[in-house]
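Please look through the sequence and the model below before reading on.

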Amino acid sequence: MRRLLLALALVLAASPASAERLVTQVSQDEVSITSSFAGQTLTLFGSIEPEVGAEQRFVEGPYHIIITVTGPLQNRVARRKTNQFGIWLNTSQAEFERFPSFYQVLSDAPLSNITDPITLAEKEIPLDSQARYTAKAGWWDATVFGGELTRLMQQKGMFKLNENGVVFRSDTFYFAQVALPSDAPPGPYLAHTYLIKNGQVIAEKSDGFSVRKIGFERFLGQSARTQPLLYGLVCVALALFTGWLGGVVFKR
């Protein structure tokens, strides 16, 4: 028995380990929002290569790629309205901490064909998992309110699943395109790539980029956050001046 175990250990040591790594990049590190910003498309591309120091010179698939793009995290509250004697009132709510303001999932095939639901849930990849794992409420409220919050985010175009979003140009080179809408939330974004083989995640890689306002839009945004009282007074003054100027012009 001891000889058998020794022989098995020698065989395992002699066979080269199959190790892959991801080399990824985003086409832009920064997206600038101006008054004419109408959205922008970023390209995420990468290649699958042998791990540094590995004996193998080539990698063998087939491989699958899943990419999640997560935008700035925010605290959100989902509320339920009910009709009370003819008046619609907020009767219950659920809070979600560090909930993504933007979330997209891109893959080269249907997620169910790539790996099992347990692996997808462990990696928090599905759209509805974002609400499930950030809810402060119990399981039932997280499911009900989280489902509605996810649906609303999909309607706004901030949550999206694209199971044809990753394209392989060769066995080891791929690319994907992420469309940022015109109202994309400013802040840090994270593109996380999963390399999957035989249903198992064998490598991961993250790349960051930012979306930020520049010019006059940035000044207005900072003023509203840092000096809300002054910002409000200026807005009221501008509204009064515009109304007075319009009355003078039309009076003539």
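A contact here means that two residues have heavy atoms within 4.5 Å of each other. The model is predicted, so local features need pLDDT of at least 70 and side-chain atom pairs count only at pLDDT 80 or more, while totals for chains, interfaces and linings use all residues. Residues are numbered from 1 along each chain as its sequence is written, and side-chain values use heavy atoms, with hydrogens and water left out.

The chain as a whole comes first. Its secondary structure comes to 7 helices and 12 strands; these are DSSP runs numbered from the N terminus, with helices (H or I) of at least four residues and strands (E) of at least two. Of the 252 residues, 33% are buried, where buried means under 20% relative accessible area, exposed means over 50%, and partly exposed lies in between (1.4 Å probe, protein chains only). Among contacts between residues at least 6 apart in sequence, 71% join residues at least 24 apart.

Thr119 sits in helix 3, which covers residues 117-122. Is Thr119 buried or exposed? Thr119 counts as buried because its relative accessible area is 13%. Leaving aside residues up to four places away in sequence, Thr119 touches Gly199 and Val201.

An open sheet is formed by 6 strands in the order 2-12-11-4-7-8, with mixed pairing; two strands pair if DSSP finds at least two bridges between them. Strand 2 and strand 8 (159-162) are at the edges with a single partner strand each, so one side of each has no neighbour in the sheet. From one strand to the next, the twist averages 15°, an angle taken on a scale from 0 to 180 degrees between the N-to-C directions of lines fitted to C-alpha atoms.

Strand 2 runs parallel to strand 12 (residues 200-213), and the two pair over 4 bridges. Ser32 has Arg212 of strand 12 as its bridge partner, and Ile33 has Lys213 of strand 12.

Strand 4 is mostly covered, with 6 of its 7 residues buried.

The last topic is empty space. Rolling a probe the size of a water molecule over the atoms shows where such space is left. On a 1 Å grid over the protein atoms alone, a cavity is a set of points where a 1.4 Å probe fits but cannot get out, whereas a pocket is an open set with protein on both sides within 12 Å along at least five of seven lines; lining residues have an atom within 4 Å of a point. Grid points are joined across faces, edges and corners, and a volume is the space filled by probe spheres set on the points.

The largest pocket holds about 240 Å³ of space. It is lined by 15 residues, and the closest to its centre are Thr68, Thr70, Tyr103, Glu124 and Gln130. Strand 4 (64-70), strand 6 (87-100), helix 4 (129-132) and strand 11 (187-197) each give two or more residues to this lining. The largest share, 3 residues, comes from strand 11.

The second largest pocket holds about 200 Å³. Helix 5 (139-155) and strand 5 (73-84) each supply at least two of its lining residues, and helix 5 has the largest share, with 6 residues. Among the residues lining this pocket are Arg76, Arg79, Phe145 and Leu149.

A search of the whole structure finds 1 cavity of 30 Å³ or more. About 40 Å³ of space lies in the largest cavity. Its lining includes Thr24, Leu44, Ile67 and Asp207, and strand 1 gives the most to this lining, with 3 residues.
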